[in-house]
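Please look over the chain shown below with an eye to its packing, its ring pairs and its backbone. The report is meant to be read beside the structure.

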Amino acid sequence: MRHNPPALMIFAAGFGTRMQHLTAHQPKPLIQVAGRALIDHAIMLGQEVKAEPIVANLHYLPDMLEDHLAGSEVQTLRELPDILETGGGLRNALPILGPSPVATLNSDAVWAGPNPLQLLMDAWDPTRMDALLTCIPLAQVHGRDGAGDFHIDNAGRLHRGGDMVYGGAQILKTELLEKVPDAAFSLNVVWNMMAKKNSLFGLPYPGHWCDVGHPAGIAEAEMMLAQHNV
């Protein structure tokens, strides 16, 4: 089921504390992987599917990210004085993103395989879904230890716990964001509401994926990209 390109939110506001010394003087989205800043990997995915607009939220060392993105099509939005987390950050950007549905990407992941946004657009069914999350089987996950986040049932719905890792790419409707009273909150709050409505869905990713939220993830992502000729 093919749909028009969605608006895209790239989450780029975090402090990157798991990166330790690497984020002492630069925001995590500017860390280089395979010769390209992490945020540029995410932007490229959005450009490939002609996402419009593309918005990045900023908080930690925002001047550096604004300088990096100057002259690009990416619109930036500072979160001040406090960071708003994923749910609050997305809600704060809705005046730019426009009506739902929107796509979101985490800026600290690298993908080797089909464009996850294109797969989401092709599978999106707004008559059944409030959100569709790209999930990676544990065997295709790099740079991350531990159990998965979800399992996908026979109807495609997501449930907590299992052998699928949320990769940070999704399409979702945004109406439920307005029902959360807190200014700063995780999108997990909204996903839980959707799960109760049986409208939270998952899409298995056929390629490989790497978490680059920690220093070792840089080399692991570069090795993954080299192995899969990306």
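This is a predicted model: local features need pLDDT of at least 70, side-chain atom pairs count only at pLDDT 80 or more; totals for chains, interfaces and linings use all residues.

What follows is a report on a helix contact, aromatic pairs, several individual residues and some backbone features.

**Helix 1 against helix 2**

Helix 1, which spans residues 38-48, packs on helix 2, residues 62-69, at an angle of about 45°, and the two axes lie 12 Å apart. Because of that angle, helix 1 is oblique to helix 2. The crossing of helix 1 past helix 2 is right-handed. On the side of helix 1 the contact is made by I39, D40 and I43, and these residues meet L65, H68 and L69 of helix 2. Sorted by class, the contact of helix 1 with helix 2 is made up of 4 nonpolar, 1 polar and 1 charged residues.

**Aromatic pairs**

The model holds 4 aromatic pairs, and two of them are set out here. F15 and Y60 form a tilted pair, with ring centres 5.8 Å apart and 55° between the planes. This pair links distant parts of the chain, since F15 sits in the loop between strand 1 (7-11) and strand 2 (32-33), while Y60 sits in the loop between strand 4 (54-58) and helix 2, 45 residues apart. F15 is partly exposed, because its relative accessibility is 40%, whereas Y60 counts as buried because its relative accessible area is 18%, which is under the 20% cut-off for burial.

The pair of F150 and W191 is edge-to-face, at 6.2 Å from centre to centre and with 70° between the planes. Here too distant parts of the chain are linked, with F150 in strand 10 (residues 150-152) and W191 in helix 5 (residues 187-196), 41 residues apart. F150 is buried, with a relative accessible area of 2%, and W191 is likewise buried, at 6% relative accessibility. Through ring pairs, F150 and W191 join Y166 in a cluster.

| Residue | Relative accessible area | Class |
|---|---|---|
| G87 | 0% | buried |
| T134 | 1% | buried |
| P6 | 10% | buried |
| H214 | 18% | buried |

G87 belongs to helix 3, residues 85-97. Apart from its neighbours within four places in sequence, G87 is in contact with L177, F185, S186 and L187. The C-alpha atom of G87 is separated by 9.6 Å from that of T174, although the two residues are 87 residues apart along the chain.

T134 is placed in strand 8, residues 131-137. Setting aside neighbours within four places in sequence, T134 contacts several residues, among them W111, P116, L120, V165, L203 and Y205. Y166, a member of the ring cluster with F150 and W191, is also one of the residues in contact with T134.

P6 lies in the segment before strand 1. Not counting residues up to four places away in sequence, P6 touches A51, E52, P101, V102, A103 and M121.

H214 is located in the loop between strand 14 (208-211) and helix 6 (216-227). Leaving out neighbours within four places in sequence, its contacts are R18, M19, G143 and E220.

**Backbone features**

In the case of P81 the partner is L80, with omega at about 0°, and P81 lies in the loop between strand 5 (75-78) and helix 3.

Positive phi values in residues other than glycine are found at E85, where phi is near 65°, and at N198, where phi is near 60°. E85 lies in helix 3, and its relative accessible area of 42% makes it partly exposed. N198 is in the loop between helix 5 and strand 13 (200-204), and at 44% relative accessibility N198 also counts as partly exposed.

Conventions
Residues are numbered from 1 along each chain as its sequence is written. Side-chain values use heavy atoms; hydrogens and water are left out. Axes are lines fitted to C-alpha atoms, for helices over the stretch in contact, and angles run from 0 to 180 degrees between N-to-C directions. Helices (H or I, at least four residues) and strands (E, at least two) are DSSP runs, numbered from the N terminus. Angles under 35 degrees count as roughly parallel, over 145 as roughly antiparallel, 65 to 115 as roughly perpendicular and the rest as oblique. A crossing is left-handed if the near helix is turned anticlockwise from the far one by less than a right angle, and right-handed if clockwise. Contact means heavy atoms within 4.5 Å. Ala, Val, Leu, Ile, Met, Phe, Trp, Tyr, Cys and Pro count as nonpolar, Asp, Glu, Lys and Arg as charged, and the others, Gly among them, as polar. Rings of Phe, Tyr and Trp (its six-membered ring) pair if their centres lie within 6.5 Å; planes under 30 degrees apart count as stacked, over 60 as edge-to-face and the rest as tilted. Buried means under 20% relative accessible area, exposed over 50%, partly exposed in between (1.4 Å probe, protein chains only).
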